[in-house]
Amino acid sequence: MPTFTVVDITPVALSGDRTQDAEPSIAVNPQNPQEIVVTAFTPDPMGGSLAPVYVSTDGGHTWVMRSVVPGGTARLGTGDISVGFASEGGALYAGILNAEASLQDILRMQILRSPDITTAASMELLVSRDRVDQPWVEVGSVRGDGGAQDRVYVSSNDLGVRPRSAAVDVSGDARTAAAPAGFRRNTVEQRTPSGQDGPPVRTAVHPDGTVYTAFESWTGATPGGGDIVNVTLDVVVTRDDDGGVGTDAFQDLKDADDSAIGQRVATGRSERFNAFMGQERLGGDLAIAVDPTDSASVWVAWCDRVGSQMGCTLHVRHSTDHGQTWSSDVRTVTDAKNPALAVTTDSLLGLAYQQFRQRQWVTALELTADDWQTMPERHVLHQAPANVPVAQFLPYLGDYIRLLAVGRDFYGVFSGNNTPDPANFPEGVTYQRHADFVHHQLLDLDTLARVPVSIDPFFFHRAA
Amino acid sequence: MPEDLSELVRRTPLSFLGTVVRLGDSRVASVPADDRTAVVRVFEVLHAPDALRRLAGSEVTVQLSGDIDPPAVGDAAAFFTDGAVYGEGLAVREVGRLPADTVRPFVTRAARTADAMPFTPVERDLRDEAMVAHADEADAVVVGVVVGLRQADGGAAPGERVSEHAPDWWLAEIDVEYVEQGNMTPGPLVVLYPNSRDLRWYDAPKPQPSQQGMWLLHTTEGALARWAPFQIVHPDDYQPAQRLDTLRAARR
């Protein structure tokens with residue numbers, strides 16, 4: 001019988017925390033799933049120049065925070081951050097936007113490495129490049145002559161190279177080499193989008209060397225009032241059959257209609273970039289996952305605007321022929337964002353998302369082995385009023401959440417309202433920080449003073 | 001005030017008055033105990049970030065500085081520290097230490113005032129110093145009222161790409177009443193500011209209609225200069241108008 005764990009990972013020592021810890025990412029060490037790292041828009045608690053990571057060494061039951069990510073600022077922590085563990089050896093990689101550079105109005109993407117999570121040393125800088133947005137890390141390993149090699153993929157929206165801005169930096173052996181550790185930039189957009197591609201670019205890595213990339217190819221972008229942009233887009237998938245480490249990488253999948261590189265999964269979709277839903281901004285939601293037992297079986301999820309709706313609708317589609325042909329929607333969720341996909345070694349597909357429903361943000365996890373043809377296993381992880389707390393900044397909850405599969409288990413992270421109310425957690429919850437579940441109050445270090453509600457990162461684990 | 005107290009407060013985010021209860025011990029599992037760790041019971045927090053103000057009564061693991069003679073069990077002192085690990089307990093790195101008697105007058109004084117913590121007056125002085133230094137670096141400092149707000153040509157500079165982190169530039173028209181610094185005269189002035197609430201920009205000043213203040217202005221450069229001669233981006237670029245007195249006093 002599967003077991004389920006949900007944990008508010010803000011440590012006891014930070015019971016007085018009231019920051020907006022949005023946009024989480026998670027890495028689980030595949031060799032030792034007891035080791036887990038979570039990141040979010042959490043500033044260093046003492047205002048230092050290193051941003052913190054949350055670390056668990058007992059499978060997510062207890063957590064500590066330590067500051068090891070360079071480029072943070074006293075107020076911001078780091079900018080966007082995504083993390084991934086190597087398949088073997090325990091090295092941790094991060095893709096960040098350097099917050100210090102952001103103070104000079106520079107989007108500076110950096111790739112970082114740490115030999116393991118027990119070190120208190122600052123992560124090592126491997127790559128730094130300006131005008132790059134939303135780095136996203138996936139890591140695999142291959143067996144080479146000298147043992148395991150870390151194959152690291154950092155996808156991003158490289159606005160310095162436009163209009164074809166969807167890109168993936170790849171290193172075929174990043175574990176020990178000196179900076180830049182073999183990283184090489186690959187353009188994955190081969191058509192000519194309207195000005196640029198959308199912010200999210202995602203990869204899915206299969207052990208046989210197949211690597212998929214998904215991105216949103218913008219076909220139009222017009223002002224929509226204020227800072228809203230009306231965008232039309234195609235959802236595109238590219239593929240590389242040799243780990244993405246060769247020349248002309250990510251060019252192994254051509255569109256069945258126009259023969260251009262990159263199969264279009266959906267065309268002519270629209271979104272209102274920077275519009276609002278439940279205090280959260282919209283625009284750019286994308287996920288991709290491949291079945292670890294079958295590299296031909298791949299799923300894509302994205303969000304767009306259907307008809308005249310104010311929010312956005314989540315779509316999931318499935319390909320069983322290496323991304324060449326795609327199903328119609330196998331799952332549609334209205335007023336939902338932040339799709340996250342993962343597939344276990346028993347071919348169970350997981351979809352996590354956040355839905356704005358009845359003035360609440362609801363975070364759900366659905367599991368299906370047959371593309372929702374039968375009723376999925378569904379878990380509501382969290383539900384809480386969408387107007388509490390008032391947003392300090394955007395994103396309110398985050399432009400993404402993350403779901404991982406390690407073996408037959410699912411691990412994930414989301415951010416949400418941290419009111420300690422059992423009704424908000426249908427699957428149950430454990431808090432690290434002091435909380436009074438009877439009176440629905442967060443309590444400070446002295447366990448007496450009340451602490452206002454804020455946004456915390458929540459870890460979840462479904463053990464098979 | 002001891003000469004080095006102000007400097008220690010400037011250099012550290014957390015200080016507390018405490019008593020060493022154990023040496024060579026740790027209350028945080030991921031911080032191994034050695035001959036330079038001590039467990040200190042906190043008697044009074046002297047200055048701290050909001051999340052750590054209520055440490056009093058708890059035991060903190062201190063990684064003792066190698067530059068200072070280690071204390072003995074039972075010693076009371078003011079520990080000036082930086083953060084290390086936050087878990088089931090707090091572990092900090094010692095940066096400096098002062099005798100307890102040196103800081104007790106601050107504790108006594110805080111009990112008789114509205115100050116949140118004993119070193120609140122020291123922090124206030126440091127904030128004033130920082131504001132004055134920031135003003136010294138500004139290209140102009142004025143006092144004025146916001147009389148108009150509008151988006152600057154769609155909010156994007158030429159060539160700027162669409163991003164969730166885009167600044168969304170707006171223009172504030174300020175009726176300048178007084179010029180403290182800079183080569184300008186009272187009257188209407190247009191100032192550029194990022195109106196985006198993205199993490200990257202949310203704490204930049206967001207002028208409000210009829211808002212009066214002291215504005216620390218910085219010359220615009222490149223493509224932004226076509227919109228306005230000055231911009232405000234740093235959180236401290238707006239100050240309440242009363243802060244002009246602080247600035248003037250510091251400059252006398």
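Predicted model: local features only at pLDDT ≥ 70, side-chain atom pairs only at ≥ 80, totals over all residues.
**Entry 1: chain B overall**

I began with the outline of chain B. I counted 4 helices and 11 strands in chain B. Its C-alpha atoms fill a box of roughly 65 × 45 × 30 Å along the principal axes. I then checked the radius of gyration, which is 23 Å for chain B, whereas a compact globule of 252 residues would have one near 18 Å. Next I looked up the domains. Chain B divides into domain 1, residues 3–116, and domain 2, residues 138–251. I noted 40 Å between the C-alpha centres of domain 1 and domain 2 of chain B.

**Entry 2: two helices of chain B**

I turned to helix α3 (residues 120–137) and helix α4 (residues 243–251) of chain B. Their axes come within 10 Å and cross at roughly 80 degrees. An angle of 65 to 115 degrees counts as roughly perpendicular, so α3(B) is roughly perpendicular to α4(B). Which residues make the contact? From α3(B) I listed D128(B), M131(B), V132(B) and A135(B). From α4(B) I listed R243(B), T246(B), L247(B) and A250(B). By class, the residues of this contact are 5 nonpolar, 1 polar and 2 charged.

I followed the pairing from β6(B) onward. Strand β6 (residues 140–151) and strand β7 (residues 169–181) of chain B run antiparallel and are joined by 10 bridges.

**Entry 3: where chain B meets chain A**

I moved to the interface. I found 37 residues of chain B in contact with 45 residues of chain A. Which element gives the largest share of chain B's side? Strand β4 (residues 76–86) of chain B does, with 4 residues. R66(A) stands opposite V85(B) in β4(B).

**Entry 4: a mixed sheet in chain A**

I traced an open sheet of 5 strands in chain A, in the order β28-β29-β34-β1-β30, with mixed pairing. β28 (402–406) and β30 (430–431) of chain A each have a single partner strand, so one side of each is left without a neighbour in the sheet. I checked the β30(A) edge. Strand β1 (residues 3–8) of chain A runs parallel to β30(A), joined by 2 bridges. The bridge partner of D8(A) in β30(A) is Y431(A).

**Entry 5: an antiparallel sheet in chain A**

I ended on an open sheet of 4 strands in chain A, in the order β14-β15-β16-β17, with antiparallel pairing. Its edge strands are β14 (197–205) and β17 (263–273) of chain A, each pairing on one side only. Neighbouring strands of this sheet are turned by 20 degrees against each other on average, direction ignored. I then looked inside the sheet. Strand β15 (residues 211–223) and strand β16 (residues 229–240) of chain A pair in the antiparallel sense over 12 bridges. Across this pair, T222(A) stands opposite N230(A) in β16(A).

Technical notes
Residues numbered from 1 in each chain as written. Chains lettered and ligands numbered in written order. Contact = placed C-beta atoms within 7 Å. Pairing = 2+ DSSP bridges. Domains from an automatic or database assignment. Axes fitted to C-alpha atoms, helices over the stretch in contact; angles between N-to-C directions. Parallel < 35°, antiparallel > 145°, perpendicular 65-115°, else oblique. Nonpolar A, V, L, I, M, F, W, Y, C, P; charged D, E, K, R; others polar. Rg over C-alpha atoms; globule rule 2.2 N^0.38 Å.
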